[in-house]
Amino acid sequence: MLNQFSRTQLLLGRQAMDVLAHAHVIVFGVGGVGGNAVEALARSGVGHLDLVDDDLVCLTNVNRQVIATVKTVGKPKVEAMAERVADINPLCKVTCHRCFYLPETADQFDFASYDYVLDCVDTVTAKLNLVQRAQAAGTPIISAMGAANKLDPTQIKVGDIYETSICPLARIIRKECRKRGIPGFKTVYSTEPSIRPLEDASISCRAHCICPPEAQRHCTDRRDIPGSVSWVPPVAGIIMAGEVVKDLVAGVDREA
């Protein structure tokens with residue numbers, strides 16, 4: 001029967017679409033990378049998505065985040081994303097978790113209940129803990145490295161964390177993984193050297209933070225204010241989603 005996923009079925013096959021419809025995927029962080037990953041998963045027919053993010057949409061998100069418009073500013077990101085998924089696939093079950101993932105909040109999640117974990121968060125501590133929890137549960141995970149301060153999406157690569165290069169965040173994660181004896185895992189990273197953002201006090205979030213007042217974290221709390229564009233983080237997110245879909249349907253007979 002013709003539906004919104006028919007064109008995907010022409011490439012993947014009916015059985016693969018059934019696998020995706022029954023898949024349960026969790027995405028930590030629904031910003032520039034994670035939000036586009038969620039959208040691509042929803043448009044691929046994934047049937048159950050858990051969204052984890054404590055942030056509210058800010059005006060400065062509009063340049064790159066799929067859920068950010070002038071109408072959604074101040075809205076919880078997970079709620080805005082859930083509404084967008086519902087407009088794409090009303091049959092997709094979306095579970096929202098408004099929390100900032102850290103080791104202290106990790107027990108809220110049963111990693112063994114998911115078919116795939118997407119790490120799209122910014123903090124090193126959270127990333128390391130997500131990998132450890134997912135691997136302990138036997139659940140595959142894909143982790144996004146740095147996508148800010150970049151301009152060239154053609155330099156985005158997929159590879160094991162121990163194969164990464166150039167990316168400063170990946171370098172830190174590799175070092176910490178070795179110290180902890182963490183085995184390799186799939187990452188999306190860029191080999192483009194980071195560009196130093198201009199120092200312009202007139203448009204700096206550091207001096208003129210416009211985060212919604214009720215937001216739990218503000219720009220003034222950040223160590224650095226990165227620059228970003230509308231085409232690099234989304235490409236990273238879409239690549240992540242593509243890897244997840246391909247892994248979920250790997251081995252399924254396309255002709256059956």
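Predicted model: local features only at pLDDT ≥ 70, side-chain atom pairs only at ≥ 80, totals over all residues.
**A tour of the sheet and its helices**

Start by selecting α4 (77-88), which lies across β2 and β3 and runs at about 175° to β3.

Now show the strands. In what order do the 7 strands of the open sheet come? The order is β3-β2-β1-β4-β5-β7-β6, with mixed pairing. Colour β3 (93-97) and β6 to see the edge strands, each of which pairs on one side only. From one strand to the next, the twist averages 20°.

Move on to β4 (residues 116-119), which runs parallel to β5 and is joined to it by 3 bridges. Select D119 and you will find it opposite S143 in β5. Stay on S143: its bridge partner in β7 is T187. Strand β5 (residues 141-144) and β7 run parallel, joined by 3 bridges.

Strand β7 (residues 186-190) is your next stop. It is largely enclosed by the rest of the structure, because 4 of its 5 residues are buried. With strand β6 (residues 156-160), β7 pairs in the antiparallel sense over 5 bridges.

Finish at the surface. Select L59, V62, V70 and V73, which form a nonpolar patch with about 330 Å² of accessible area together. V73 is found in the loop between β2 (48-52) and α4, and it counts as partly exposed because its relative accessibility is 35%.

Technical notes
Residues numbered from 1 in each chain as written. Heavy atoms only, no water. Patch = residues over 30% accessible without salt bridge, like charges linked within 9 Å, V, L, I, M, F, W, Y side chains within 5 Å. Areas by Shrake-Rupley, 256 points an atom, 1.4 Å probe, with all protein chains shown as cover. Salt bridge = Lys/Arg side-chain N within 4 Å of Asp/Glu carboxyl O. Helix = DSSP H or I, 4+ residues; strand = E, 2+ residues; numbered from the N terminus. Buried < 20%, exposed > 50% of the residue type's maximum accessible area, 1.4 Å probe, protein only. Pairing = 2+ DSSP bridges. Axes fitted to C-alpha atoms, helices over the stretch in contact; angles between N-to-C directions. Contact = heavy atoms within 4.5 Å.
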